[in-house]
Amino acid sequence: MLRKFSIVFVCGFVGGGLREIIELIFKNSAPLATLAINLVGALFMGMAYEYIVQAKHDTSSFALIIGTGLIGSFTTFATFIADMHELMITREILNAVCYLTASVVFGILLLLVGRLIVRSCYHVV
(Lines give C-alpha, C1' and ligand atoms only; values in the text may rest on other atoms or scores of the structure.)
Protein backbone atom coordinates (compact mmCIF):
# COMPACT_ATOMS: atom_id res chain seq x y z
CA MET A 1 0.00 0.00 0.00
CA LEU A 2 2.80 2.43 0.85
CA ARG A 3 4.46 1.58 -2.47
CA LYS A 4 1.31 2.48 -4.46
CA PHE A 5 0.87 5.65 -2.44
CA SER A 6 4.47 6.65 -3.15
CA ILE A 7 4.09 6.02 -6.88
CA VAL A 8 0.80 7.97 -7.03
CA PHE A 9 2.50 10.77 -5.09
CA VAL A 10 5.39 10.92 -7.58
CA CYS A 11 3.05 10.76 -10.59
CA GLY A 12 0.95 13.54 -9.02
CA PHE A 13 4.09 15.62 -8.67
CA VAL A 14 4.92 15.01 -12.35
CA GLY A 15 1.35 15.78 -13.48
CA GLY A 16 1.26 19.01 -11.49
CA GLY A 17 4.66 19.99 -12.90
CA LEU A 18 3.49 19.37 -16.46
CA ARG A 19 0.42 21.50 -15.81
CA GLU A 20 2.63 24.34 -14.57
CA ILE A 21 4.74 24.15 -17.74
CA ILE A 22 1.64 24.55 -19.91
CA GLU A 23 0.40 27.41 -17.74
CA LEU A 24 3.75 29.16 -18.25
CA ILE A 25 3.50 28.69 -22.02
CA PHE A 26 0.02 30.32 -21.98
CA LYS A 27 1.04 33.23 -19.71
CA ASN A 28 -1.86 35.58 -18.92
CA SER A 29 -4.32 33.40 -20.81
CA ALA A 30 -5.84 31.49 -17.90
CA PRO A 31 -8.90 30.08 -19.64
CA LEU A 32 -6.86 28.97 -22.67
CA ALA A 33 -4.24 27.28 -20.51
CA THR A 34 -6.88 25.45 -18.49
CA LEU A 35 -8.73 24.46 -21.66
CA ALA A 36 -5.53 23.09 -23.24
CA ILE A 37 -4.60 21.20 -20.07
CA ASN A 38 -8.03 19.66 -19.64
CA LEU A 39 -8.36 18.70 -23.33
CA VAL A 40 -4.95 17.01 -23.37
CA GLY A 41 -5.93 15.31 -20.12
CA ALA A 42 -9.18 14.09 -21.71
CA LEU A 43 -7.22 12.58 -24.60
CA PHE A 44 -4.85 10.80 -22.21
CA MET A 45 -7.72 9.67 -19.99
CA GLY A 46 -9.41 8.14 -23.03
CA MET A 47 -6.19 6.33 -23.88
CA ALA A 48 -5.81 5.09 -20.30
CA TYR A 49 -9.44 4.01 -20.14
CA GLU A 50 -9.21 2.02 -23.36
CA TYR A 51 -5.97 0.40 -22.24
CA ILE A 52 -7.76 -0.76 -19.10
CA VAL A 53 -10.69 -2.07 -21.15
CA GLN A 54 -8.44 -3.94 -23.61
CA ALA A 55 -5.88 -5.28 -21.13
CA LYS A 56 -5.91 -8.96 -20.41
CA HIS A 57 -4.33 -8.52 -16.97
CA ASP A 58 -4.93 -6.66 -13.70
CA THR A 59 -4.86 -2.92 -14.37
CA SER A 60 -5.88 -1.64 -10.93
CA SER A 61 -2.40 -0.26 -10.22
CA PHE A 62 -2.24 1.33 -13.67
CA ALA A 63 -5.63 3.01 -13.14
CA LEU A 64 -4.59 4.34 -9.76
CA ILE A 65 -1.15 5.54 -10.83
CA ILE A 66 -2.02 7.01 -14.23
CA GLY A 67 -5.65 8.00 -13.71
CA THR A 68 -5.43 9.36 -10.19
CA GLY A 69 -1.76 10.29 -9.95
CA LEU A 70 -0.66 11.62 -13.32
CA ILE A 71 -3.83 12.65 -15.16
CA GLY A 72 -5.74 13.60 -12.02
CA SER A 73 -3.05 16.05 -10.95
CA PHE A 74 -2.49 17.31 -14.50
CA THR A 75 -6.11 18.26 -15.20
CA THR A 76 -7.83 20.80 -13.04
CA PHE A 77 -11.56 21.04 -12.48
CA ALA A 78 -11.16 23.63 -9.73
CA THR A 79 -9.26 25.98 -12.04
CA PHE A 80 -11.91 25.45 -14.73
CA ILE A 81 -14.60 26.52 -12.26
CA ALA A 82 -12.54 29.53 -11.11
CA ASP A 83 -12.02 30.58 -14.75
CA MET A 84 -15.75 30.24 -15.43
CA HIS A 85 -16.52 32.33 -12.35
CA GLU A 86 -14.09 35.04 -13.45
CA LEU A 87 -15.61 35.18 -16.93
CA MET A 88 -19.10 35.43 -15.46
CA ILE A 89 -18.38 38.16 -12.89
CA THR A 90 -16.59 40.22 -15.54
CA ARG A 91 -19.69 39.76 -17.71
CA GLU A 92 -17.84 37.96 -20.47
CA ILE A 93 -20.87 35.76 -20.97
CA LEU A 94 -20.14 34.79 -24.59
CA ASN A 95 -16.58 33.78 -23.65
CA ALA A 96 -17.92 31.80 -20.68
CA VAL A 97 -20.41 29.94 -22.89
CA CYS A 98 -17.71 29.22 -25.51
CA TYR A 99 -15.30 28.05 -22.81
CA LEU A 100 -17.88 25.78 -21.20
CA THR A 101 -19.00 24.37 -24.55
CA ALA A 102 -15.45 23.81 -25.83
CA SER A 103 -14.42 22.17 -22.56
CA VAL A 104 -17.30 19.70 -22.54
CA VAL A 105 -17.72 18.98 -26.26
CA PHE A 106 -14.05 18.79 -27.18
CA GLY A 107 -13.23 17.03 -23.92
CA ILE A 108 -15.65 14.21 -24.73
CA LEU A 109 -14.46 14.08 -28.36
CA LEU A 110 -10.81 13.86 -27.33
CA LEU A 111 -11.59 11.17 -24.77
CA LEU A 112 -13.17 9.16 -27.60
CA VAL A 113 -10.19 9.86 -29.89
CA GLY A 114 -7.86 8.61 -27.16
CA ARG A 115 -9.87 5.41 -26.87
CA LEU A 116 -9.78 4.93 -30.65
CA ILE A 117 -6.01 5.42 -30.74
CA VAL A 118 -5.44 2.67 -28.19
CA ARG A 119 -8.12 0.42 -29.68
CA SER A 120 -6.43 0.66 -33.11
CA CYS A 121 -3.09 -0.29 -31.52
CA TYR A 122 -4.65 -3.40 -29.98
CA HIS A 123 -6.18 -4.43 -33.31
CA VAL A 124 -2.87 -3.99 -35.14
CA VAL A 125 -0.94 -6.18 -32.70
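Rings of Phe, Tyr and Trp (its six-membered ring) pair if their centres lie within 6.5 Å; planes under 30 degrees apart count as stacked, over 60 as edge-to-face and the rest as tilted. The model is predicted, so local features need pLDDT of at least 70 and side-chain atom pairs pLDDT 80 or more, while totals for chains, interfaces and linings use all residues. Residues are numbered from 1 along each chain as its sequence is written, and side-chain values use heavy atoms, with hydrogens and water left out.

**View 1. Tyr 51, Phe 62 and Tyr 122 form one aromatic cluster.** A search of the whole structure finds five aromatic pairs. One of them joins Tyr 51 and Tyr 122: it is tilted, at 6.4 Å centre to centre and 45° between the planes. Tyr 51 lies in helix H2 (residues 30–54) and Tyr 122 in helix H5 (residues 93–124), so the pair ties together parts 71 residues apart in sequence. Helices (H or I, at least four residues) are DSSP runs, numbered from the N terminus. Tyr 51 is partly exposed at 25% relative accessibility. Tyr 122 is partly exposed at 31%. Here buried means under 20% relative accessible area, exposed over 50%, and partly exposed in between (1.4 Å probe, protein chains only).

**View 2. Phe 80 and Tyr 99 form a tilted aromatic pair.** The ring centres are 5.2 Å apart, with 50° between the planes. Phe 80 sits in helix H4 (residues 77–89) and Tyr 99 in H5, 19 residues apart. Phe 80 is buried at 9% relative accessibility. Tyr 99 is buried at 5%.

**View 3. The buried residues of H4 line one face of the helix.** These are Phe 80, Asp 83, Met 84 and Leu 87. Seen down the axis of H4, they fall within an arc of 100° (taken from the directions from the helix axis to the C-beta atoms). On the other side of H4, Ala 78 and Ile 89 are exposed. Just after H4, Arg 91 takes a positive phi of about 60°.

**View 4. H2 is roughly antiparallel to H3.** The axes of H2 and helix H3 (residues 60–74) come within 10 Å and cross at roughly 175°. Axes are lines fitted to C-alpha atoms, for helices over the stretch in contact, and angles run from 0 to 180 degrees between N-to-C directions. Angles under 35 degrees count as roughly parallel, over 145 as roughly antiparallel, 65 to 115 as roughly perpendicular and the rest as oblique. Residues of H2 including Phe 44, Met 45 and Tyr 51 meet residues of H3 including Phe 62, Ile 66 and Phe 74. Contact means heavy atoms within 4.5 Å.

Conventions: Helices (H or I, at least four residues) and strands (E, at least two) are DSSP runs, numbered from the N terminus.
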